[in-house]
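Here's a quick tour for anyone meeting this structure for the first time. Have a look at the model, then read on.

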Amino acid sequence: MKVNNSQRGGLVKPKKALGQHFLKDESVAARIAATLDPYRDLPVLEVGPGMGVLTKYLTSGGHNVKVAEIDGESIDYLRYNYPELSGRILDADFLKLDLGGVFPGAEKIAVIGNYPYNISSQIFFHVLDYRDLVDVCSGMLQREVAERLAAREGTKARGILSVLLQAWYTVDYLFTVDENVFNPPPKVKSGVLIMKRNGVTSLGCDEKLFKTVVKTSFGQRRKTLRNSLRGLFPAGVPLPDNPLLSLRPEQLSVAQFVELTKLLER
């Protein structure tokens with residue numbers, strides 16, 4: 001049987017198709033792992049561990065860790081270098097993973113990762129689908145995307161995922177990471193954020209319609225809501241005289257989007 005370099009403990013070659021940029025700065029890895037220090041009672045799922053630069057700080061920090069990795073070479077490397085992960089390495093695509101089955105019996109879990117830039121938004125949509133399970137989520141992604149997820153109302157960076165995530169999580173941008181601490185260096189800076197469940201169990205409106213309102217609003221973000229949402233109202237029905245409709249989507253808070261949704265329901 002042919003033994004590859006990673007099975008001997010050699011370094012894994014970054015794969016462009018998987019969006020791999022391996023973090024090589026230990027101090028940055030330690031800071032990212034430390035975002036979960038207050039949550040040592042929660043089992044942790046790490047997304048895309050690569051060569052385990054975050055993993056080792058999570059395991060040494062006393063966390064109950066499992067990792068989800070799609071790259072076979074990285075899996076071989078982890079098995080060789082981290083025997084403590086025996087039985088805890090999931091050969092799986094996180095985007096297709098049933099998070100409810102990762103830690104059987106767990107009521108809450110934490111998610112962390114050095115997320116691939118090319119699928120980072122999809123990763124957070126997947127986390128959102130499991131919001132009743134994922135109590136906290138932290139990690140690193142492209143700075144512009146991280147800033148967008150944490151963007152508050154009234155800022156240009158605010159978008160669809162900003163509102164949908166902040167309906168259920170408190171999202172905070174933590175710090176910026178330079179390009180030169182990766183192999184290979186990305187062309188952009190990275191940002192580290194943390195999302196903590198905010199305790200909301202119901203928006204008090206039709207959640208499917210809420211998503212439609214948010215997505216339709218930002219689909220034509222240069223228009224006022226009166227114009228962008230016109231198609232959601234029945235034909236021939238005049239739009240109500242509501243001051244929110246004179247605003248643009250980035251100006252609205254989550255509560256105001258809920259108010260708009262209730263307006264449409266009525």
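Which residues of helix α3 (residues 72-81) are buried? They are E73, S74, I75, D76, Y77 and L78, where buried means under 20% relative accessible area, exposed means over 50% and partly exposed is in between (1.4 Å probe, protein chains only). Those buried residues of α3 pack against β1, β3 and β4 (89-91).

You're looking at a predicted model, so local features need pLDDT of at least 70 and side-chain atom pairs count only at pLDDT 80 or more, while totals for chains, interfaces and linings use all residues. Residues are numbered from 1 along each chain as its sequence is written, and side-chain values use heavy atoms, with hydrogens and water left out.

**The chain as a whole**

- The chain has 9 helices and 9 strands; these are DSSP runs numbered from the N terminus, with helices being H or I of at least four residues and strands being E of at least two.
- Along its principal axes, the C-alpha trace spans about 70 × 40 × 35 Å.
- The chain has 266 residues, and buried ones make up 49% of them.
- Take the contacts between residues at least 6 apart in sequence: 67% of them join residues at least 24 apart. Contact here means heavy atoms within 4.5 Å.

**The largest pocket**

- Some terms to begin with: on a 1 Å grid over the protein atoms alone, a pocket is an open set of points with protein on both sides within 12 Å along at least five of seven lines, whereas a cavity is a set where a 1.4 Å probe fits but cannot get out; lining residues have an atom within 4 Å of a point.
- Grid points are joined across faces, edges and corners, and a volume is the space filled by probe spheres set on the points.
- The largest pocket holds about 710 Å³ of space.
- Its lining is made of 40 residues, and Q20, F22, G48, G50 and E69 lie nearest the centre.
- Four strands each supply at least two residues of that lining: β1 (22-23), β2 (44-47), β3 (65-69) and β8 (182-183).
- By class, the pocket lining has 24 nonpolar, 10 polar and 6 charged residues. Ala, Val, Leu, Ile, Met, Phe, Trp, Tyr, Cys and Pro count as nonpolar, Asp, Glu, Lys and Arg as charged, and the others, Gly among them, as polar.

**The enclosed cavity**

- Searching the whole structure turns up 1 cavity of 30 Å³ or more.
- The largest cavity has about 50 Å³ of space.
- L128, R131, L164, W168, L203, E207, F210 and K211 line the largest cavity, and they divide into 5 nonpolar, no polar and 3 charged.
- Helix α7 (residues 207-219) gives the most to this lining, with 3 residues.

**Around R197**

- R197 sits in strand β9 and counts as buried, at 16% relative accessibility.
- Leaving aside neighbours within four places in sequence, R197 is in contact with R131, D132, V134, D135, W168 and Y169.
- The side chains of R197 and N198 are joined by a polar contact of 3.3 Å. A polar contact is a pair of N or O atoms within 3.5 Å; within protein, one must be able to donate a hydrogen and the other to accept it, and residues adjacent in sequence count only if both atoms are side-chain atoms.

**A cis bond and the cysteines**

- N183 and P184 are joined by a cis peptide bond, with omega about -10°. Most peptide bonds are trans.
- P184 is found in the loop between β8 and β9 (190-197).
- The whole structure has 0 disulfides, a disulfide being a pair of cysteine sulfur atoms within 2.5 Å.
- C137 is buried at 0% relative accessible area, and C205 is buried at 14%.

- T59 lies in helix α2 (residues 55-60) and is partly exposed at 24% relative accessibility. Beyond four places in sequence, T59 is in contact with V65, E84 and L85.
- T224 is in the loop between α7 and α8 (225-228) and is buried, with a relative accessible area of 19%.
- N242 lies in the loop between α8 and α9 (254-265) and counts as buried at 14% relative accessibility. Setting aside residues up to four places away in sequence, N242 touches R226, E259 and L263.
- The C-alpha atoms of N242 and R226 are separated by 9.1 Å, with the two residues 16 apart along the chain.
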